[in-house]
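Thanks for asking me to look this one over. Here are my notes, in the order in which I would walk through the model with you.

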Amino acid sequence: MTGPLDGVVVVDLSRALAGPHATMMLGDLGARVVKVEAPGRGDDTRGWGPPFVGEEDARESTYFLSANRNKESIALDLKADADRETLLELVDRADVLVENFRPGVLDRLGLGVESLLERNPRLVVLSITGFGHDGPEGGRAGYDQIAQGEAGLMSLTGSGPDDPQRVGVPIGDLLAGIYGAYGVLAALHERHTTGAGQVVRTSLLAAVTGVHAFQGTRWTVAGEVGRAQGNHHPSIAPYGLFRCRDGAVQIAVGSEALWQKFCLAFDLDADAEGLRDNAGRVAHRDQVIETVEAAFAAYDADALLTRLSDAGIPAGRVRSLDEVYGWEQTASQGLLVDVEHTSLGTVTLPGPPLRFFDPSGAEVTRRDHQAPPVLDEHAARIREWLDGVDGAPGPEAGP
């Protein structure tokens, strides 16, 4: 494996999505990720479907495939002494351990974080929960849609205040994984100075709250409670989805200079009452939408997007996922990778969203991505590594 984290060993005790997404990110960057799964059933997401692919006796869920590339799998029963000892041998060689059990579960298994750090003082432990490890509701189970609601995101999403909607992907889980990986990288960097590992904690609640952005300060500073208002920006106008003759397009008129260009392109009065500045346009949003859609009514979407582009107005269409993955621009950014799966053969996966270039401008992004593993696929290889057959590195090997 190659990448910025080459030599880093990650033990992945997590399941479902938040933790596995974090470890997949680390694996994408070149870390060796050993995924520890329950014997017989594996990660919960192996059963999350349909859709499933493959033969009935070797079927895989596409959900599992989405979060587990660049990992090895070993099945261990953490309640069994021998398997728990194997896990501890992994901990001895690890730079990072990731878990997303509810608070207290690892302690009951005799694998408390304090004892793990005593065993390997250089270990970085990432721990992800639903609502935090402490506080009055720290022990609550965390599932994405519940967190989206509890953290306020659903109140901001939907056609209006009475139509709360979840985001179409498990965004709380994904953000917790992203923040978790970010925290791990910071802790590994600090270890260069201190020589010591530490515990990194995040939660679905923290991750969703962490991306409130201007909606957060809208309340904490201005005392305004943001509400869902469909496909139009609450603080910029015109910015959103507008109908045209055969569908709709999206535009982002994010400055007064763009407003002037937009009005010139569509023969509109930029200084009309209520429209001459952004604050006025936000206050008269219905008038703005009516004015813009009247101007767009004569255009098919393709012709309209060409006109907007010629005028220098940021714009785009709403693509279905098959259109996204069939788009040349998506492929050009490395967002599709082909891998050889043990039972499925060649499969195409969504690729990692980072690319790397050396000072000369040559791309050095990792290309040797590995397919998500079948359950216990790499047990023999991992045990040989633990036995030193292939010169297993110790915990000092990573950054």
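Predicted model: local features only at pLDDT ≥ 70, side-chain atom pairs only at ≥ 80, totals over all residues.

1. Residues are numbered from 1 along each chain as its sequence is written, and side-chain values use heavy atoms, with hydrogens and water left out.

2. Let me begin with the parallel sheet. Six strands make up this open sheet, ordered E5-E2-E1-E6-E7-E8; strands are DSSP runs of E with at least two residues, helices runs of H or I with at least four, numbered from the N terminus. Two strands pair if DSSP finds at least two bridges between them. Strand E5 (72-75) and strand E8 (199-203) each have a single partner strand, so one side of each lacks a neighbour in the sheet. On average, neighbouring strands here are turned by 20° against each other, direction ignored.

3. Within that sheet, strand E7 (residues 124-129) runs parallel to E8, and five bridges join them. Leu126 has Val200 in E8 as its bridge partner. Helix H1 (residues 18-28) lies across strands E1 (9-12), E2 (32-37), E6 (96-99) and E7, at about 165° to E1; angles run from 0 to 180 degrees between N-to-C directions, with axes fitted to C-alpha atoms, for helices over the stretch in contact.

4. The other sheet is open too, with three strands in the order E9-E10-E11 and antiparallel pairing. Strand E10 (residues 247-252) is joined to E11 by two bridges, and Gln250 has Gly316 as its bridge partner in E11. Helix H12 (residues 285-296) packs on this sheet, touching E9 and E10, and its direction makes about 45° with that of E9. Helix H13 (residues 301-311) touches E9, E10 and E11, at about 15° to E10.

5. Next, the helix pair. Helix H3 (residues 81-93) packs on helix H16 (residues 379-386) at about 60°, with the axes 10 Å apart. The two are therefore oblique to each other, a class left after under 35 degrees (roughly parallel), over 145 (roughly antiparallel) and 65 to 115 (roughly perpendicular).

6. How exposed is Thr86? Thr86, in helix H3, has 8% relative accessibility and so counts as buried (under 20% relative accessible area; exposed is over 50%, partly exposed in between, with a 1.4 Å probe and protein chains only). Beyond its neighbours within four places in sequence, Thr86 contacts Ile74, Leu76, Arg383 and Leu386, contact meaning heavy atoms within 4.5 Å.
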